[in-house]
Amino acid sequence: MFNEKTCKKCGLCLSECPFMEMPVEKAKQEIERIIQTGSLGEVAKSCAGCGYCNVICPTQSNPLDLRKQILEKKSAGKGAVGLGIICEEVPANLMSMAMEYEKEEKEENLKAYTNPLKSDTAFYLGCSLSYIYTDLAKSRLFDEFPKIGGMKYCCGGYVNRTFGEEETKIKGRQLLDRFHETGIQKVITFCPGCDHMLQDVFPSLLDEFNIEVQPVFEYLLERHKEGKLTFPNPLNRKVTFHDSCAWRSVDSKIYEGPRQLLETMGAEVVEMKHNRNKSICCGSPIASRNPAAADRVVEKRIAEAKEAGAEMIAVSCSGCFALNKKASEHNIPVFNITELAQMAILEEPPHRLEEISDALNMNMFKTISKNPDLLKARYTIKDGKVIPL
Ligand code: SF4
Ligand code: SF4
C-alpha cells in the first residue's frame with residue numbers, strides 16, 4: 001500500500017524515474033496533484049511499473065502502489081482486456097495466440113508439461129517457456145526432473161496485477177493444490193515474474209504456501225558444486241548481468257546467483273551503473289504504449305553496458321531480451337543465461353529469441369487485424385472464476 005502519511009512529496013519518484021525524468025519542481029507538484037486528484041496524468045502513459053521508485057523513495061512510501069491503487073479503483077467493475085488474462089477460459093490471450101507459431105510441437109510439449117510424472121521437484125517453465133521461448137527448456141541441463149508449465153500452472157501474475165488481494169489468494173491456493181496433486185514440493189524457476197509470485201506474493205498472503213523455489217542459475221551452480229555439472233567451454237568474455245525488475249521485492253540474495261554462475265562458467269562479470277535492486281528496466285513493458293520512452297531507457301541501459309566494458313549482456317527474463325535489437329547494433333549481443341550455460345557445456349542453443357518475438361508479433365497483428373473485437377473483450381474474476389463481461 002502507498003503510505004501517504006510518510007510521503008514527503010519530494011518528487012524523487014518521478015524526477016529519478018528512468019522513463020520520465022521530470023524536473024524536480026514539476027515532480028514535486030505532480031506527486032501532490034496525483035495524490036489529491038487520483039488522476040495519473042503523464043504517469044499513465046510513461047510508467048512501466050518497474051518499481052525503481054520504490055527502491056529509491058527515501059521514506060519507503062511505496063509509490064509504485066499509488067499507481068496500482070489508482071488503476072484498480074478506475075477499473076473496478078470494468079474487468080480487464082482478455083489479452084493479458086492467461087487462462088484456458090479466455091480463448092484469445094497472448095499465450096493462446098503464441099500457440100499458432102510452431103503449434104504442433106507446442107501441443108506435444110504441453111501434453112507433457114500439464115500431465116507431469118509424480119515428483120517432489122519440477123522445472124517450472126511458466127508461460128514464457130511453455131508458449132513463446134520454448135527453445136530455452138530444450139537442453140540436457142534440464143533432464144533431471146519433469147517439466148511443468150502451460151496455463152494450468154500459470155503463476156497468476158495477471159491476477160495479482162489486476163484483480164486484487166482476495167483473488168490472488170484464491171489463485172495461490174489453486175496453484176498449491178495443483179502442485180500437491182503431483183507431489184511437488186520444490187520448483188526450479190526460469191522466469192523472474194514467477195519468482196516474484198512464488199517467493200514473495202503467495203507466501204506473504206498464504207501461510208500454507210510453502211513451496212521451495214530455486215531459480216535456475218542457483219540449481220546449475222548447485223549441480224556444479226556437487227560435481228555433477230562441468231563447463232568445458234568457458235565463456236571467456238566480459239559479461240554484464242541485467243537484473244529483472246520483478247526481483248525487487250524478493251530476497252536480495254537472488255542477485256548473487258547469476259553473477260556466480262557466470263563467473264563459474266568462465267565469464268568476467270562487469271557491472272552496469274544501475275545493478276541489482278537498483279537496476280533500471282529494459283523498457284519492454286511500455287514498448288507499445290510509449291515507444292519513445294521505452295527506446296530512451298533501452299539506450300540508457302546499453303550506454304551503461306558499454307561504459308562497463310561488457311561484450312555481452314546476460315538476462316534471465318525473456319521480456320528483457322528486448323534489449324537485444326539495440327544492443328546488437330553496438331556489438332553487445334544479449335543472451336538468456338540458460339543459453340550461456342548451454343554454450344558452456346558445448347551445446348549450441350538456436351538463439352531464436354528475436355526471430356520468435358518478431359514472428360509472434362506478426363501473428364498477433366494479423367489475428368487482431370482480422371478480429372479487432374479481440375481487443376475489446378473484457379473479463380473479470382470472481383471467487384477464482386473467470387467471467388466474460
Ligand atoms: S513517494 Fe517517496 S519519492 Fe515519491 S514523493 Fe513521496 S517520499 Fe518522495
Ligand atoms: S514504477 Fe518505474 S516507471 Fe513507474 S514511476 Fe516508478 S520508476 Fe517510473
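Analyst: Helices (H or I, at least four residues) and strands (E, at least two) are DSSP runs, numbered from the N terminus. The model is predicted: local features need pLDDT of at least 70 and side-chain atom pairs 80 or more, while totals for chains, interfaces and linings use all residues. Residues are numbered from 1 along each chain as written, chains are lettered from A and ligands numbered from 1 in written order, and side-chain values use heavy atoms, without hydrogens and water.

Helix α13 spans residues 256–264. Gly 257, Pro 258, Arg 259, Leu 261 and Leu 262 are its buried residues (under 20% relative accessible area, 1.4 Å probe, protein chains only). After α13 comes Gly 266, with a positive phi near 90 degrees.

Elsewhere, the second largest pocket holds about 240 Å³ (an open set of 1 Å grid points where a 1.4 Å probe fits, with protein on both sides within 12 Å along at least five of seven lines; lining atoms within 4 Å of a point; volume filled by probe spheres set on the points). Its lining has 16 residues, and Cys 87, Glu 89, Lys 171, Gln 174 and Gly 384 lie nearest the centre. Helix α10 (164–181) gives at least two residues, as do α9 (157–162) and β11 (385–388); the share of α10, five residues, is the largest. Seven lining residues are nonpolar, two polar and seven charged (charged: Asp, Glu, Lys, Arg; nonpolar: Ala, Val, Leu, Ile, Met, Phe, Trp, Tyr, Cys, Pro; polar: the others, Gly among them). The shell around ligand 2, by class, has ten nonpolar, two polar and no charged residues.

Technical notes:
Buried means under 20% relative accessible area, exposed over 50%, partly exposed in between (1.4 Å probe, protein chains only).
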